[in-house]
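Student: I'm new to this one and would like a close look at a single part of it. Could you walk me through it slowly?

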Amino acid sequence: MNTRRTIKVDSLARVEGEGALSVRIRGDRVVDVQLKIFEPPRFFEALLRGRAYREAPDMTARICGICPVAYQMSAVHAMEDACGIRVDGPLRALRRLLYCGEWIASHTLHVYMLHAPDFLGYADAIQMARDLPEVVQRGLQLKKVGNAIVALLGGREIHPINVRVGGFYKVPTRRDLAPLAERLTWARAAALETVRWVATLSYPKFEQDYEFVALRHPNEYPFNEGRLVSNKGLDIAIHEYETHVVEAHVAHSHALQAVLKDRGAYLVGPLARYNLNFDRLSPLAQEAARQAGLGPVCRNPFQSILVRSVEILYACDEALRLLASYEPPEHPAVALVPRAATGYGCTEAPRGLLYHRYTLDEAGTILDAKIVPPTSQNQKRIEQDLAHFVAQALALPQEQLTWQCEQVIRNYDPCISCATHFLRLHVAREDA
Amino acid sequence: MPRPRKPTLAVWKFASCDGCQLSLLDCEDELLAVAGAVEIAHFAEVSRAVGRGPYDLSLVEGSITTPHDAARIQQVRRASKYLVTIGACATAGGIQALRNFQDVQEFLRIVYATPAYIATLATSTPIAHHVRVDFELRGCPINKQQLLEVLSAFLHGRKPHTPPHSVCIECKRRGTVCVMVARGTPCLGPVTQAGCGALCPAYDRGCYGCFGPQETPNTASLSAWWHGHLGVHQIDLVRAFRSFNADAEPFRRESETHEHP
């Protein structure tokens, strides 16, 4: 019997960006897993050098068309940290509202269009829409509400134009925001339906002992602020990130792989946020999670789709709370004067932690930039999931194993455009 | 009678952020109708299914930055009846074309510990530098209404209607007071192609040129105004013209004028 196998996907679909996977199996042993990232490098950290501090939010937004708000938020917080100012009150609330919009749009895209088709055996959401038109329509309309928030506050859905260091260019009145409330009330009900629907999918049995890393805030589910914590003892300020996390450059990837010093791979994203911040979710989101069969701890990465649905519900709930209490600020932005300093920003992109660090000179020119996107932090952990998953699923026929390997990767909603871009799956089985 | 074959659509990605192809998915109300009118034969971000070419219409996002991609775009062209580029990367090289003004080896050393692992070209170039392009849709990102217009035009065998005039016309239509005249805010609107709906001025901000140069823009006159009346420094003029469409010819020339005044 031939016991060498190769599982190969040359072009991984339904992820943002371009990558491949190669798994080599000898007998019943997985000998090598490589998540390959072929996305052409775009050198953002280099091209930011020499630019003005105020350009960072618009320039870094272009790293990712799916989560531009995350890049803008990490950039403005890092710049404000460097300049020694704090943005509070209604401006802070508006940033949170904007982030709610991106979470709703990005998570709904992933849940309905990229991930759910795997569980139901469809190649894509368009095929799925032929059998389940109401479900796909609900997803599209829910996504649209998320986009409506980003478009109203940001000017447009992709690469919003209204975010600046210190706040916004223009802030909405209460009346501008009023139409959102009705749409969000519908969206919250649709999100609840989403959690219930996703709970009916069947998940492969697969649990891992992860080190989850996410922000933790004293009283909020985290978006823009907090300490960096893990379930295995990490508890640091964000400026200490680089003393605990190291990036390695491996030959098979254009993305740098981030690992915790002396501890190895860790996981960021919805699963990490949920496990570390369940108590910070709104009562409605907690209740929906429980009814969907989720406890406060979830270690099955295939259930990330369920956790993502809970986060959509939370984001709708939180957006409604923010809308109800909004009073327009006196000024659209806090004035600031640049200074020679280093600033740090870390926020929760839909896919997980996004770290920015900038060093400025006294004129506010960027001397040095460092950006660590969520997918480079998850990359090593995805490879470990694949190794462990394939080892327990060797009996599956090739086609099914290949598809499930793709699904293991899609569990992370990887954004390879961020990490650089492109996945291919290549699983090799070799003679023992 | 057999039904006529639906035209096939393919979406291709080169160096980019995914935002322009995402614009198609952001047409929440029209997406299923589009999927009904065409056969989506290749769209990796959306589907595992891969239909073989040739394709009636290929949408191309991203710029050419690697030897591999320079070869791949030739294959895409050969497999496509019509090829339309979407966005600033595909039509002008994108933000990553900032490397064209510097030494890419230096960039590699700044970002990657082991530069030998990376295969990259010295430049980021638009698709039209490599193959014949049937239509170029502007924007960083593209406007989704304009994308639907392009799809509809190609399905009906007509030329897409995308106005070539400046953002100023859109501000007038929208009734937005000129931010440059009224507030002294530097604005690239007078030299930038319309298509976004004049968003930035509507948000009390100057246009930053993400749709690239309009036809025959008078960049020198605008720069003189910025410098003379608004006190904008030479370095900030270089930055203004050198962003998401840095290597579009009129913007490139203008930025170079101020780099070594």
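Student: Let's take chain B. Among contacts in chain B between residues at least 6 apart in sequence, what percentage join residues at least 24 apart? And please show me how chain B sits against its partner.

Tutor: Happy to. Keep in mind that this is a predicted model. On your question: 72% of those contacts in chain B join residues at least 24 apart in sequence.

Now for the makeup of the chain. Chain B contains 12 helices and 5 strands. Its C-alpha trace spans about 70 × 50 × 25 Å along the principal axes. As for packing, a compact globule with 261 residues would have a radius of gyration near 18 Å, and chain B, at 20 Å, agrees with that. Buried residues account for 54% of the 261 residues in the chain.

Next, look at where chain B meets chain A. The contact takes 47 residues from chain B and 47 residues from chain A. On the chain B side, several helices each supply at least two residues: helix 1 (19-25), helix 2 (31-37), helix 5 (104-111) and helix 9 (199-202). Helix 1 of chain B gives the largest share of that side, with 5 residues. Sort the chain B side by class and you get 28 nonpolar, 8 polar and 11 charged residues.

Chain A has 14 helices and 14 strands, and its C-alpha trace spans about 75 × 45 × 35 Å along its principal axes. With 432 residues, a compact globule would have a radius of gyration near 22 Å, and the 21 Å of chain A agrees. Of those 432 residues, 58% count as buried.

Finally, zoom in on one helix pair inside chain A. The axes of helix 3 (residues 68-83) of chain A and helix 4 (residues 89-120) of chain A come within 9 Å and cross at roughly 150°. Angles over 145 degrees count as roughly antiparallel, so helix 3 of chain A and helix 4 of chain A are roughly antiparallel to each other. Their crossing is left-handed. Helix 3 of chain A brings V69(A), A70(A) and M73(A) to the contact, while helix 4 of chain A brings R95(A), L98(A), Y99(A) and E102(A). By class, that contact has 5 nonpolar, no polar and 2 charged residues.

Terms used: Residues numbered from 1 in each chain as written. Chains lettered and ligands numbered in written order. Predicted model: local features only at pLDDT ≥ 70, side-chain atom pairs only at ≥ 80, totals over all residues. Axes fitted to C-alpha atoms, helices over the stretch in contact; angles between N-to-C directions. Helix = DSSP H or I, 4+ residues; strand = E, 2+ residues; numbered from the N terminus. Parallel < 35°, antiparallel > 145°, perpendicular 65-115°, else oblique. Left-handed = near helix turned anticlockwise from the far one by under 90°. Contact = placed C-beta atoms within 7 Å. Nonpolar A, V, L, I, M, F, W, Y, C, P; charged D, E, K, R; others polar. Rg over C-alpha atoms; globule rule 2.2 N^0.38 Å. Buried ≥ 20, exposed ≤ 12 C-beta atoms within 10 Å, placed from the backbone.
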